Amino acid sequence: MELEVKTLSGGASGKVAVGFEVIDGSKGNQSVHDVVVAYTAAQRSGTAKTKDRGEVSGTGKKPWRQKGTGRARTGSRRTNIFTGGGVVHGPHPRDYSKKVNTKTRQLALRKALSERIKDGEVVVVDSLKLESLKTKDLHAQIEALAPKGTVLLVTGEADRNLSLDEESGNLLDKLALAARNIPLVQLVEADCLNTYEVLRPDVIIISKDGLKKVVGRLNSDKSK
């Protein structure tokens, strides 16, 4: 299978092979589900915390005598039945992450990319290197490739398209600076691309070197 390669201005620039086996049918659906659930679970901070009766502040004195008052017996004002008392079975800090093995992640990414490619929602560009740092220039180029919706930019390597900031004297990544102020655009390196990020946007714009790196990840187990 081949994909048409475009320039950032929207013109044609040849074709490129997908480079990996495009999955048909229902194969990989469960892997995609498992990986997305694991990803979203890992985003949870797990810091919710309540105090039990041993942690709240309060006296240890018995509120009233055991018998003769007509009220239920109790031994502490720090129990859950009193205002300011401890919480029973409340949340405590925990790790929500789930383990997913490498082959499952690889299959999920292959399946997600296969579906986006078959639906015509992947645009390959010859390069994502910019001439300027201006957000409006990148915005105009993205609109030529993907007029509507959210966009994921996938680049091969970071810090290869640098510009020297005259004020600070620092080297800055042009693409990262130009893309950070566009609300519906997300930038990610091919080495860090995951299934959730592939499924989320309306259109994926990937550079040729980025596609090459993704293909290398998907085909890494074939030699084993």
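1. Ser76 sits in the loop that links α1 (29-42) to α2. Helices here are DSSP runs of H or I with at least four residues, strands are runs of E with at least two, and both are numbered from the N terminus. The model is predicted: local features need pLDDT of at least 70, side-chain atom pairs count only at pLDDT 80 or more, and totals for chains, interfaces and linings use all residues. Residues are numbered from 1 along each chain as its sequence is written, and side-chain values use heavy atoms, leaving out hydrogens and water.

2. Ser76 counts as buried because its relative accessibility is 7% (buried means under 20% relative accessible area, with a 1.4 Å probe and protein chains only). Leaving aside residues up to four places away in sequence, Ser76 touches Arg53, Thr59, Pro63 and Phe82 (contact means heavy atoms within 4.5 Å). A polar atom of the Ser76 side chain lies 3.0 Å from the backbone nitrogen of Arg78.

3. Helices α2 (residues 102-118) and α6 (residues 208-218) pack at about 135°, axes 10 Å apart. Axes are lines fitted to C-alpha atoms over the stretch in contact, and angles run from 0 to 180 degrees between N-to-C directions. From α2, Gln106, Leu109, Arg110 and Leu113 meet Val214, Arg217 and Leu218 of α6. The residues of this contact are four nonpolar, one polar and two charged.

4. Gly210, Leu211, Val214, Val215 and Leu218 are buried in α6. They lie on the same side of α6, because their arc around the axis is only 135° (taken from the directions from the helix axis to the C-beta atoms). Their cover includes β2 (12-17), α2, β3 (122-125), β4 (151-155) and β8 (203-207).

Note on methods
Ala, Val, Leu, Ile, Met, Phe, Trp, Tyr, Cys and Pro count as nonpolar, Asp, Glu, Lys and Arg as charged, and the others, Gly among them, as polar. Buried means under 20% relative accessible area, exposed over 50%, partly exposed in between (1.4 Å probe, protein chains only). A polar contact is a pair of N or O atoms within 3.5 Å; within protein, one must be able to donate a hydrogen and the other to accept it, and residues adjacent in sequence count only if both atoms are side-chain atoms.
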